[in-house]
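Here are a few exercises to work through with the model open on your screen. Try each task yourself before you read its solution.

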Amino acid sequence: MQPGTALIIGAGPAGCSAAIHLARCSWQVTLIEAKAFPRVKVCGEFISPAATDDLELLLDPPALRKAGARQVDQFVLKYGAHTTAWPMPSPAWALSRASLDTLLVEHAGRAGVTVLQPKRVTSAHTDPESAEVVLATGEHLHADILIHADGSGRFDDAGPTTMAPNLIGAKCHYQTTARPMGVRIRSAPGMYVGTINVEHGLATCALCTTKSLARRFAGDFDALLGSIMPDFCPDLRQSPWLATGIARMPFRPSPSARAFRIGNAAGAVDPVGGEGIGLGLWAGRTLAETLESCASLEETKRRFARLYRRRLRSRRVACRLAAETLMRPGLLRTLRPALAAPSLSIAPWYALTGKPIRSSNRGT
């Protein structure tokens, strides 16, 4: 296909990745984002080792480090009185979404993308000849293709992203002077909590809990967290708690021949694997490469759907299984002998979630 014009709704990792890669392929791209940046998102802010290459295709390591990004190489799991640690298969990046998303959208602008921000979309549709987006200002934008990267697909006829029926995700930042230790996950009945050091002396605290457990604490996430982490001090919290549903959906293509869904709008895995940002970055690049290599939109739709389903196939199962297990610390205690043998536990899980394996993985 010859380069054309594209409208992208959403300037998160998926939307920015698609915009930058398409611009590099000589497409004329308009990226539309409703929120002003920097903005805070509910996110674990850990970028899986499986996504390192895709991230560094957009932002090189010096730029990431200048923004305060950290490389982490350890995964620590705590359940009851037990702690198990494993090395990462390869170094991963940690950076707040406020910083990451801002860097990506700025890079998109430098790549020649037209960035409309903050601009709210009120409707979007396609016909056999073109795609159209209507803004809240009344402006009508037209292009050859439309890409839904808003995390929900709310403007697509296929319907919004499906959420897990009984789960809530919440996130805050807190001040820390602790030495960075990689990703730290704590298991508790009905919930799990992940913490990781990010920039500016802050750590991200992200939890996933059942709605019934959240109701038991009347939505007080400080109290909920304190029930399993007595060392957590609410006075150190530097941002309010934000909460949202947990996206959980197999690949869902847009029914339109001229529209594509990427990121969580296309398919979502449980957040425990740190695959969300990586999936968005991969999807944007893969869509651009598929558009460039295919002879028609029809062929692009078929090939992209095949690649997306393949990407999700084992990741969805592995992340769902891990999430369900982490909310059952008694089960983890039963599995302790396997957890102490990385070849029986973490190495297969790394493989299923697409993380590159190195032979030196050893439990401690």
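**Exercise 1. Work out how exposed Glu324 is, then find its salt-bridge partner and describe the pair.**

Step 1: Glu324 has a relative accessibility of 25%, so it counts as partly exposed. The cut-offs are under 20% relative accessible area for buried and over 50% for exposed, with partly exposed in between (1.4 Å probe, protein chains only).

Before going on, a word on the ground rules: this is a predicted model, where local features need pLDDT of at least 70 and side-chain atom pairs count only at pLDDT 80 or more, while totals for chains, interfaces and linings use all residues. Residues are numbered from 1 along each chain as its sequence is written, and side-chain values use heavy atoms, leaving out hydrogens and water.

Step 2: The partner is Arg320, whose side chain meets that of Glu324 in a salt bridge at 3.3 Å, N to O. The term calls for a side-chain nitrogen of Lys or Arg within 4 Å of a carboxyl oxygen of Asp or Glu.

Step 3: Arg320 and Glu324 are four residues apart in helix H8, so about one helical turn separates them. Helices here are DSSP runs (H or I, at least four residues), strands are E runs of at least two, and both are numbered from the N terminus.

Step 4: Arg320 is partly exposed too, at 37% relative accessible area. Now widen the view: Arg248, Asp270, Arg320, Glu324 and Arg328 are linked in a network of salt bridges.

**Exercise 2. Take the salt bridges Glu275–Arg315 and Glu289–Arg285, and say what each one connects.**

Step 1: Glu275 and Arg315 meet at 3.4 Å, N to O. Glu275 sits in helix H7 and Arg315 in helix H8 (residues 297-326), so this pair ties together parts that are 40 residues apart in sequence. Both Glu275 and Arg315 are buried.

Step 2: Glu289 and Arg285 meet at 3.1 Å, N to O. These two are four residues apart in helix H7, so about one helical turn lies between them. Glu289 is partly exposed at 40% relative accessible area, whereas Arg285 is buried at 16%.

Step 3: For the overall tally, a search of the whole structure turns up 16 salt bridges.

**Exercise 3. Describe how helices H1 and H7 pack.**

Step 1: H1 (residues 13-24) and H7 (residues 275-293) pack at about 30°, with axes 7 Å apart. Axes are lines fitted to C-alpha atoms, for helices over the stretch in contact, and angles run from 0 to 180 degrees between N-to-C directions.

Step 2: H1 and H7 are therefore roughly parallel, a label for angles under 35 degrees.

Step 3: Who makes the contact (heavy atoms within 4.5 Å)? On H1, the residues are Pro13, Ala14, Ser17, Ala18, His21 and Leu22; on H7, they are Ile277, Gly280, Leu281, Gly284, Arg285, Ala288 and Leu291.

Key:
Angles under 35 degrees count as roughly parallel, over 145 as roughly antiparallel, 65 to 115 as roughly perpendicular and the rest as oblique. Contact means heavy atoms within 4.5 Å.
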